[in-house]
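The following note sets out points for a colleague who is reviewing the model.

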Amino acid sequence: MIKINNLQARVEEKEILKGLNLEINPGEVHAIMGPNGSGKSTLANVLAGNEGYEVTGGEAFFEGKDLLDMAPEDRAREGLFLAFQYPIEIPGITNATFLKTAINEIRKYHGKEEMSPKDFMALIREKAQLIGLNDTMISRFVNVGFSGGEKKRNEIFQMLMLNPKFALLDETDSGLDIDALKIVAEGVNKFRNKDNAVLVVTHYQRLLNYIVPDFVHVLSNGRIIKSGTKELAYELEEKGYDWIKDENLQPESV
Amino acid sequence: MSNNIKKFDANELYASKFDLFEGKLNGESKSFFHQYRKDALNLLKATPFPTLKHEEWKYTSVKPILKKDFIPASLAEKLEVTSEEVDSLKYKDYESNLVVLVNGIFDKDLSKIDELPSGILIDSLKNVIVNKPELVERFKDKFQKAVTAFDALNTTFASDGLVVFIPKGKVMEKTLHILSISGSENETVLSNPRNIFIAEENTEGKIVHQYVGKGSNYYLTNVVNDFYLGQNAILDYYKIQDEKDESYHIDKTDAYQNKNSVFSHFSFSFGGEIARTDLSTILDDEFITTNYYGLYLAKDKQHVDHHTFVDHAKPNCESNELYKGILDGESRGVFSGKIMVRQDAQKTNAYQSNKSILLSDNAVVDTKPQLEIFADDVKCSHGATIGRLDETAYFYIRSRGVPADLAKSMLIRAFANDVVEGVKIEHLKEQLNHMIFEHLNQIEIED
Ligand SMILES: Nc1ncnc2c1ncn2[C@@H]1O[C@H](COP(=O)(O)OP(=O)(O)OP(=O)(O)O)[C@@H](O)[C@H]1O
Ligand SMILES: [Mg+2]
């Protein structure tokens, strides 16, 4: 579903991604862990098409299509979704209007008719209940006045509404209390199926008890320096990152 | 005589047209109102049109207007407007009484006024001057005196306009929709309406005033509005200025408010090459509320100017001002807001805010708050911001599948939202959202 080869990117003259490789197949859940500033959000933003990040080398394919060539909206319409580490507030646009516009623009792209207001309301009700958002939040402006945890929940709500093929969750767990974490994880688990894929970025092994990954990768200094199964996450929780960095340095110095 | 060779004097030019104008007034030249005209003519002869040297006009040059020879509407050929055109121009789907002013002259045939609650009057100024002069004469001290050459020009040639009178205790249930259509096929016309709105004690009313253009030539709308609000009167006035792009719009509006009254003035400005609105209110008793809201969209070389003056003369009053501008191309948005809190006006609350978004590097904003406070127990605040579209929000919206141009216009509408949300007529709100969207489509959306 996603294939990334030797991806390099920079922000404001600073090299962040330095040759990153990653492949994700339908039905899989991958987790990326790594120190602050290692480039996790940069990867997420580059994949989503944020023009603030400049791709300087490598390639990325989404279902065989050249992802880096597409406008952000086309990536979304093709089925990519990014849950932001820091969701944006948009005063003046309600969640309902925002989602209605997004859903209908995606449908239009696929040659489908607009969703009827009735179906839209039914969909909202179903997904909001799943994620524990109440009606008043839906009629409020996008993320304005939402608590940190509510914003994260709203990201997952949007994901459920748009039903993407590939969801990138950038630290969706940080800022959530334990109950909210369970609810959000449940939402993601309900979303998962054999045809879609999820990539979660997290600092905490705890999330991975709820959203169980098939693979865990360690991103450090712009590269994936180790990949493993969910057991790797326990090891990281226990030992931190230094041992891998050291381990990783050795082959290069040979 | 060719306009571009001889540099003519605008004051002289317009004064010279007065005899002809007067000759067409017939019996009406004996009315009390005509004395106003003659006084105004003297003022017009003596008062130069404003230049950039005038403090109140330092951001707005009217030179392009003064270079042209505009013909007062009553001397120009009549602009033909059909009722089908009126139907297509006016906003749909909401209940209203309709008044049509063609080049500032009341058109009875095109207007549609249902039976009104007894005593409420909606009529042409011309009729009122002749048939019910006492109605307006009673309030004449409260009406504005001409000060600038534009005011004088208006009064000198004010052959008509609209009078709305809501007597004590009456509610004007239906919204009054005023459609001002200006322009000409063959001439450059000066539309010069003088409108008077009187809402006596314990009255209520809503007025929508839509300005549009017709015909192939540019024109000048030079309108003067007077509002009088008695005790407890509540009046909402929505101005929607969508003149032809190459035309000019000068609006001088004064309001006089009595105790406990609430006056809300909205100015939506879309059209015109130069559009200037001067708005002022005297809060001459206690517990008065004055609301001024404005939203303007400008592109190319459009110039939009709002000058406001809120005069707090008595204690315990409140004023709110919010003006928002969206400026593209080489357009310029001017806001100058003066708040006076006189010595007597303790416990005044006065708020003012001007926010602008620049969509291009060449658009310009001038914003000038002026607070003059002579009382000590007051709450006053003012602020101005100038910004660009929020790039992170723009990316966020696009990342949900919304195309770039729509994402941009959503953000602009979001910016405009708090002004539009203040509109208390649901269909008008929709109409305005629609107009904002249409005007945004004309704005170059570049990436
Ligand atoms: N807009 C920007 N301007 C300058 N530097 C930036 C910008 N965005 C990111 N960076 C830098 O790029 C590096 C990688 O940032 P990134 O956000 O990808 O890290 P991260 O792995 O997501 O970290 P965290 O775990 O703290 O979220 C950091 O050093 C960061 O300071
Ligand atoms: Mg990050």
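1. In this predicted model, a salt bridge joins the side chains of Glu51(A) and Arg398(B), with an N to O distance of 3.4 Å. Across the interface of chain B and chain A, the rule finds three salt bridges. Helix H9 (391-398) and helix H10 (404-420) of chain B are the elements that give two or more residues to the side of chain B that touches chain A. That side, sorted by class, has 11 nonpolar, four polar and two charged residues.

2. The extent of the interface may be stated as follows. Chain A contributes 31 residues to the contact and chain B contributes 17 residues. About 1900 Å² is buried between chain B and chain A, and carbon and sulfur atoms give 67% of that area. Which residues of chain B lose the most area to chain A? They are Phe395(B), Tyr396(B) and Arg400(B), which together account for 41% of what that side buries. The rule also finds 10 residue pairs in polar contact across the interface of chain B and chain A, both residues of each pair being at pLDDT 80 or more.

3. Asn50(A) is placed in the loop between H1 and S4 of chain A. Apart from neighbours within four places in sequence, Asn50(A) is in contact with Asn45(A) and Phe395(B); Phe395(B) is also one of the residues of chain B that lose the most area to chain A. The C-alpha atoms of Asn50(A) and Pro72(A) are separated by 7.0 Å, although the two residues are 22 residues apart along the chain.

4. Chain A holds an open sheet of four strands in the order S2-S1-S4-S5, and the pairing is antiparallel. Strand S2 (14-24) and strand S5 (65-66) of chain A are the edge strands, each pairing on one side only. Eight bridges connect strand S1 (residues 2-11) of chain A with S2(A) in the antiparallel sense. Arg10(A) has Glu15(A), in S2(A), as its bridge partner. Helix H1 (residues 40-48) of chain A packs on this sheet and touches S1, S2 and strand S4 (54-62) of chain A, its direction making about 110° with that of S1(A).

5. Over all chains, the structure holds 42 salt bridges. One of the contacts that meets the rule is formed by the side chains of Glu89(A) and Lys151(A), at 2.9 Å, N to O. Glu89(A) lies in the loop between strand S6 (80-83) and strand S7 (90-94) of chain A, and Lys151(A) lies in helix H6 (residues 148-162) of chain A, so the pair ties together parts that are 62 residues apart in sequence.

6. In chain B, 10 strands form an open sheet with mixed pairing, in the order S3-S2-S6-S9-S11-S13-S15-S17-S19-S21. Strand S3 (105-112) and strand S21 (378-387) of chain B stand at the edges with a single partner strand each, so one side of each has no neighbour in the sheet. From one strand to the next, the twist averages 10°. Strand S15 (residues 289-298) and strand S17 (residues 318-327) of chain B run parallel and are joined by 10 bridges. Within this pairing, Tyr293(B) stands opposite Leu322(B) in S17(B).

7. Two helices that pack on the sheet of chain B remain to be described. H10(B) touches strand S13 (262-269), S15, S17 and strand S19 (348-358) of chain B, and its direction makes about 155° with that of S17(B). Helix H11 (residues 426-442) of chain B touches strand S9 (204-213), strand S11 (234-242), S13 and S15 of chain B; the direction of H11 makes about 25° with that of S11(B). H10(B) also gives two or more residues to the side of chain B that touches chain A.

Definitions and conventions. Residues numbered from 1 in each chain as written. Chains lettered and ligands numbered in written order. Predicted model: local features only at pLDDT ≥ 70, side-chain atom pairs only at ≥ 80, totals over all residues. Heavy atoms only, no water. Contact = heavy atoms within 4.5 Å. Buried area = accessible area lost by both parts, 1.4 Å probe. Salt bridge = Lys/Arg side-chain N within 4 Å of Asp/Glu carboxyl O. Polar contact = N/O pair within 3.5 Å; in protein donor to acceptor, adjacent residues only side chain to side chain. Nonpolar A, V, L, I, M, F, W, Y, C, P; charged D, E, K, R; others polar. Pairing = 2+ DSSP bridges. Axes fitted to C-alpha atoms, helices over the stretch in contact; angles between N-to-C directions.
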